[in-house]
Amino acid sequence: MSRIGKLPITVPSGVEVTLDGQQVQVKGPKGTLSHTVANPITIAKNDDGAIEVSRPNEETVSKSLHGLTRTLVSNMVTGVTEGYEKKLEIVGVGYRVLSKGPTQLEFNLGYSHPITVNAPEGITFAVEGPTKLAVQGIDKQAVGEVAANIRKLRKPEPYKGKGVRYAGEQVRRKVGKAGK
C-alpha cells in the first residue's frame, strides 16, 4: 500500500470539498480549485469529514496514481487555505525588476530592451525590492510554472552567477580561464 496514498486528507474548517464522481472541487477562503481524478482511483469522504483516496487493485498504473492523486488533492486544500509562494532573486549589475501592478512585471536583465511579464489568471506578483520578487497564488503547479518561466528569462550563469534564481538557490560556480 502506498504510504502517501493511504493517509487521509484532513479538511480544515472553512473549506468545502465537493465530490461528484471523478470530479473534486475544493472551495476555501482564497478561492476555488477543481481537479478530475484519473479513472481507476476512487475518492470519498469518511465519517470524520476527512477525504480518503483508494485504488481498486495492485497494478503499477493504479499504484503510481494513488499517491499522486492524494498529493494533488492535499495541495488543493492547502492552496485554498494558505496559498503558495515562490520567491526569486535577481543577481547582476543593472539587473532589476519593476512592478507595473499586481499582475505585471518589467525586467531589465541586460538585454537591449525591457521584458514585460503578465501574470496568468490566479497569479499575483509582489516586488519586495529592485532585486527581489515573489510569485503568489492558490494553484501550486501554476505558481511553480510562472516562477520557472521568469527564471528562464535569464538563467544564472556559472561564471559570475548573474541571472534570475530562486531564493536560497545555490549556483555551482566554475573557474574562469587561467591567465598566463
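**Chat about the model**

Guide: Val146 touches Pro120, Ile123, Phe125 and Val135, leaving out residues up to four places away in sequence; contact here means heavy atoms within 4.5 Å. The model is predicted, so local features need pLDDT of at least 70 and side-chain atom pairs count only at pLDDT 80 or more, while totals for chains, interfaces and linings use all residues. Residues are numbered from 1 along each chain as its sequence is written, and side-chain values use heavy atoms, with hydrogens and water left out.

Visitor: Where does Val146 lie, then?
Guide: Val146 is part of helix H2, residues 140–152. Helices (H or I, at least four residues) and strands (E, at least two) are DSSP runs, numbered from the N terminus.

Visitor: Is Val146 buried or exposed?
Guide: Val146 is buried, as its relative accessible area is 10%. The cut-offs are under 20% for buried and over 50% for exposed, with partly exposed in between (1.4 Å probe, protein chains only).

Visitor: And what separates the C-alpha atoms of Val146 and Ala167?
Guide: 15 Å, with the two residues 21 apart along the chain.

Visitor: Switching topic, how many helices and strands are there in the protein?
Guide: The protein has 2 helices and 12 strands. From the N terminus the order is β-β-β-β-β-α-β-β-β-β-β-β-α-β. The protein is more spread out than a compact globule, because its radius of gyration is 21 Å, well over the 16 Å that the globule rule gives for 180 residues. That radius is taken over C-alpha atoms, and the rule is 2.2 Å times the number of residues to the power 0.38.

Visitor: What does the C-alpha trace span along its principal axes?
Guide: About 70 × 40 × 25 Å. Of the 180 residues, 36% count as buried.

Visitor: Which strand does S2 pair with?
Guide: Strand S2 (residues 23–28) is joined to strand S3 (residues 31–36) by 6 bridges, and the two run antiparallel. Two strands pair if DSSP finds at least two bridges between them. S2 and S3 make a hairpin with 2 residues between them, and Gln23 stands opposite Thr36 in S3.

Visitor: What about S4 and S5?
Guide: Strand S4 (residues 42–45) and strand S5 (residues 51–54) are also antiparallel, paired over 4 bridges. Ala44 stands opposite Glu52 in S5. This hairpin has 5 residues between the strands, and Gly49 takes a positive phi near 90° there.

Visitor: One more glutamine, where does Gln136 lie?
Guide: Gln136 lies in strand S11, residues 132–137. Gln136 is partly exposed, with a relative accessible area of 27%.

Visitor: And which residues is Gln136 in contact with?
Guide: Leaving aside neighbours within four places in sequence, Gln136 is in contact with Tyr84, Glu85, Gly122, Ile123, Thr124, Ala126 and Val143. The C-alpha atoms of Gln136 and Tyr84 are separated by 5.7 Å, although the residues are 52 apart along the chain.
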